Every structure is written in C-alpha cells, then in structure tokens.
Amino acid sequence: MFKKVCLFSGNANPELAQAIAAYLEAPLGKVKVQRFSDGETFCEINENVRGVDAFVIQPTSSPVNDHVMELLIMADTLRRASASTITAVIPYYGYARQDRKVAPRTPITSKLVADLIQASGVDRVVSIDLHAGQIQGFFNIPFDHLYGMPIMLEDYLKKNFDSSAVVVSPDAGGVERARAYSKRLNAGLAIIDKRRERANVSEVMHLIGDVKGKECIIVDDMIDTAGTLTGAAKALIDHGATKVVACATHGVLSGPAIQRIMESPLTEVVVSDTIPLSPAAKTCAKIKQVSMARLLGEAIKRIHSSDSVSSLFA
C-alpha cells in the first residue's frame, strides 16, 4: 500500500502489530529482537530502511522495563540505519501513573521515559488514553493522543446499551471521561466518591446519581488490580443497579485482578488489545476484548500522508 513506510514490532504485542499491518495492507518489517544470556537486548533490522517512514509498534506493558528497552533499541537501530522518520506507536504508555511527585524524594518516571524515547531518535509518538493527559507536555516532539472511546462505543456499547443506561465514573478523576461516554450514548451519569476515613479502615463508597433499576457501565482508562473497579460494582448493586459492566482501554490485569473480577457482581469487563491478555484473562468468561488496530492503523496512514489525525476523534 505504501512505498516508503515500514512497520516494525517488538515482542510486546505482535498480535496487535499484525492486525495493524493487515488493516494497512502492508507487511511488518523484518526485525530480529532478542536477548543475550545476560539479559541484554539486541536488535537487527534485516531490510533496507534508508529514507523510509518507520513506525515502531510497541506498548510498554509487562514486563515494562524489557519492553521500554526494546523500544529504545529499535529506535536507535532505525536512526543509525538512516530511516527518514521514526514514529513510536505506544498503545499503552507504561509508567504513566508516575506523572508527578506524590511525596518528597520520589521520581517523575513518566518524564524520564519521555526523555529516553526522545534521546533514542524518535521523531513522533502515538498513544491511546494516557492515564494523565499532561504527559504529552513531557515531550518536545509531536505527540498524537488518541482515544479508545469511538472503538468502545461502536464495537460494544452501542450494540448492547441505549439511553436508559447509566455511565459511571469509579472515582472523581474519571468524571470527564464518563461524561463524554454518557453524552455519546445519551445516557445518565453517576460518580462514585471513594474515601478512606483512616488507615486500616475499609473504604467508604458514596454514590452521586441515581442507578436504581438501571444498567450501569463503569468506564476507566485502565484496570490494574481491579480493586477500585470491583468495589465500585458492588456499591452500584447495593444501590439497586440491575446489571454492571466495565469498559477500560488498557487491561493491565495484574496481581489478584482476575480472581476479583470473577468473584465480583460484574457481568462483563471489556478491554482493548493495547495490552495482550494473559492466559488467565483469556480463559476468564467475563473478560471480552475489542481491537484498536483500525484506530492505530488509520492514525499511521494519516501521519504518513500528512493528513489530519485529530479528525479521528474530533
């Protein structure tokens, strides 16, 4: 499809990279990424990339440090091989939660990762649903921040819910996201205010909004250990909700997440393929997955042809 574009993938999510390549009708570039016996990462590009627009598809998901190094080394390899431009397509941006100092003598690691990415030779970054939007400002290169909402709406929510549903933010920080979903579904809005009165005392859930007799959709950017999510689902059922599902772009699903989801009143948990599902998540009947391949593929196509990317979500 393209004459001067190459797509490359590390080991983080080859299935998503293949899906993007299929959407673009362009093969993945020939690259070898491996580790020496001492754990060092090695990369070799096995085709001519001089003068091409190179796109490296690499979410920095678990194991985060290994995948960050793969991204940096692939970018450095492409720069030294004289690629015209290097775009890092990072569907899930690891370390995004360390975006500010939360206590004295602590790092701002998302800024450090941004500096490393730029130092490796990357010219542009594409990501989906950053945990903190201000991370874009950590970069001195163009940053395209995409939103998974159009895919979630088209592939799942609009097929299963109507205006009688209620969209729920699981905490105060996600109200803007929940409001955007409710507006597009023409649905109601509710907010869960979570408070811990003192140390070693269980959290108290205060619900703002009416969910009695309603189907509820909890929306968030990511699900990690699922503690907040499952607590919110229980609070909604306790307040009379008839059904609770959850939608999140990034299914980190670490630690006890799968067990918590299975034991919770959640009917379904829908995540995207920005992070590959673990074997346990794949066998969990409650977890469904939608693909961001066409969103990322369209973004790559528009970047390569110098068309508007903002129109994807405007």
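This is a predicted model: local features need pLDDT of at least 70, side-chain atom pairs count only at pLDDT 80 or more; totals for chains, interfaces and linings use all residues.
User: What does the side chain of Asp171 reach?

Analyst: The side chain of Asp171 reaches the backbone nitrogen of Gly173, at 3.2 Å. Gly173 is in the loop between S8 and H5. With a relative accessible area of 73%, Gly173 is exposed.

User: Which residues does UniProt list for "binding site"?

Analyst: A record of this kind is read as an annotation and then compared with the model. The unreviewed UniProt entry lists His131 and Asp171 under "binding site". They are spread over 41 residues of sequence yet cluster in space, with a largest C-alpha distance of 13.3 Å. Both His131 and Asp171 are included in the lining of the largest pocket.

User: Where does His131 lie, and which residues is His131 in contact with, apart from neighbours within four places in sequence?

Analyst: His131 belongs to the loop between strand S6 (124–128) and strand S7 (143–146). Apart from those sequence neighbours, His131 is in contact with Ala96, Arg97, Asp221 and Met222. His131 counts as partly exposed because its relative accessibility is 35%.

User: Where does UniProt place the feature "active site"?

Analyst: The unreviewed UniProt entry places "active site" at Lys194. In the model, Lys194 lies in strand S9, which covers residues 188–195. Its relative accessibility of 30% is the reason Lys194 counts as partly exposed.

User: Which residues does UniProt list for "domain: Ribose-phosphate pyrophosphokinase N-terminal"?

Analyst: The unreviewed UniProt entry gives residues 6–121 for that feature. The span is 34% helix and 22% strand, and its end C-alpha atoms lie 16 Å apart.

User: Into which domains is the protein chain divided?

Analyst: The chain is divided into domain 1 (5–146) and domain 2 (150–291). Over C-alpha atoms, the centres of domain 1 and domain 2 are separated by 29 Å.

User: How much area do domain 1 and domain 2 bury between them?

Analyst: The size of an interface is often expressed as the accessible area lost when the parts come together. Here domain 1 and domain 2 bury about 1,000 Å² between them, of which 55% is on carbon and sulfur atoms. On the domain 1 side, Tyr92, Arg97 and Asp129 lose the most area to domain 2, together 44% of what that side buries. In terms of contacts, 12 residues of domain 1 meet 11 residues of domain 2.

User: Which residues of helix H4 are buried?

Analyst: A helix may be read by noting its buried residues and then what covers them. In H4 (residues 149–160), the residues Met149, Ile151, Met152, Leu153, Tyr156 and Leu157 are buried. Their cover includes H5, strand S11 (215–223), strand S12 (243–251), S13, strand S14 (287–290) and helix H9 (293–304).

User: Where does Ala257 lie, and is Ala257 buried or exposed?

Analyst: Ala257 lies in helix H7. Its relative accessible area is 0%, so Ala257 is buried. Not counting residues up to four places away in sequence, Ala257 touches Asp224, Thr225 and Ala226. Ala257 and Cys284 are 27 residues apart along the chain, with 11 Å between their C-alpha atoms.

User: Where is Ser264 found, and what does its side chain reach?

Analyst: Ser264 is found in the loop between helix H7 (257–263) and strand S13 (268–272). The side chain of Ser264 reaches the backbone oxygen of Ile261 at 2.8 Å. Ser264 counts as buried because its relative accessibility is 10%. Beyond residues up to four places away in sequence, Ser264 touches Thr230 and Lys286.

Conventions:
Residues are numbered from 1 along each chain as its sequence is written. Side-chain values use heavy atoms; hydrogens and water are left out. UniProt positions are given in the numbering used here, feature names are shortened, and annotations may be inferred rather than shown by experiment. On a 1 Å grid over the protein atoms alone, a cavity is a set of points where a 1.4 Å probe fits but cannot get out, and a pocket is an open set with protein on both sides within 12 Å along at least five of seven lines; lining residues have an atom within 4 Å of a point. Helices (H or I, at least four residues) and strands (E, at least two) are DSSP runs, numbered from the N terminus. Buried means under 20% relative accessible area, exposed over 50%, partly exposed in between (1.4 Å probe, protein chains only). Contact means heavy atoms within 4.5 Å. A polar contact is a pair of N or O atoms within 3.5 Å; within protein, one must be able to donate a hydrogen and the other to accept it, and residues adjacent in sequence count only if both atoms are side-chain atoms. Domain bounds come from an automatic or database domain assignment. Buried area is the accessible area (1.4 Å probe) that two parts lose on being put together, summed over both.
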